[in-house]
Amino acid sequence: MVISLAQVGADASGSVVQFIGSGLLAASAGIFGFYAFRNLQLNRLESQRPFWRYLVAIGVAGVLYGALGMVGVLSPGRWLLALGHAAFLFCTVFLAFAMRELYYNSTLAPPSDERRISLSQLRRIEVGFVGIILLELVVVLLLGHGSVVSLVKGLGSLSFAVYGLVFAERLESLARGTSIDTLRRHLLPVLVCSGLLGLADLGVVVGVESLLVSSVESVFVVMIGAFLLTATIRLQQNVRGLSTR
């Protein structure tokens, strides 16, 4: 009975942390998305509009993921879990794409005629990969294998996080000390935590206790929310600068 009560207490504590962390993420992602949208409205450079759209999409996906996490604590369900996985995957994907846009729209990026793959081709390949991952999630969801869903989500989010980090590393060597580098440094921790959150999902597949995995995920969710708030400060500063022009 003592063990049972202890387990119940641990589950309750974990649920509270998960609920609060998801709420923090939803709120911070909403604020982040709002200021990203203001930057999209005020920025007059057409070449930078895809980048700002990706940031707005990050905010929307983050709000959805946080909201689904809160609802999932109150009323667990397979579909809610799957939608949350998809929202988180999209959040990571948009982060990676934002890094890629930031790199290719920098003045220090290789000219178009020196690239092996054009930017338009790269975008089409990326969309194809995202479509494949989402199709796998839907199929696995219909089959009802929760561990396989975690595997698809974990590998997908981790892969796109690494993809984004590759462009972030290139920006570090090319744009150190510039305004581009400032944006990169604010988005980089969010991308790293997203990749680690996906990695934590893989713990379910290898047999790590679900309560431990849930606790680790809650920590990373809180960290992502906090880092999004930090990035929002930079977006606010950019809005003020654009408003005064």
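**Notebook: a helical protein**

I began with alanine 27, which lies in helix α1 (residues 2-42). Helices here are DSSP runs of H or I with at least four residues, strands are E runs of at least two, and both are numbered from the N terminus. Before going on, I noted that this is a predicted model: local features need pLDDT of at least 70, side-chain atom pairs count only at pLDDT 80 or more, and totals for chains, interfaces and linings use all residues. Residues are numbered from 1 along each chain as its sequence is written, and side-chain values use heavy atoms, leaving out hydrogens and water.

Next I took the whole protein. I counted 7 helices and 0 strands. Of the 245 residues, 42% are buried.

Then I turned to a helix pair. Helix α2 (residues 49-74) packs against helix α3 (residues 78-104) at an angle of about 160°, and their axes are 8 Å apart. Axes are lines fitted to C-alpha atoms, for helices over the stretch in contact, and angles run from 0 to 180 degrees between N-to-C directions. I therefore wrote down α2 and α3 as roughly antiparallel to each other, the word for angles over 145 degrees.

Conventions
Angles under 35 degrees count as roughly parallel, over 145 as roughly antiparallel, 65 to 115 as roughly perpendicular and the rest as oblique. Buried means under 20% relative accessible area, exposed over 50%, partly exposed in between (1.4 Å probe, protein chains only).
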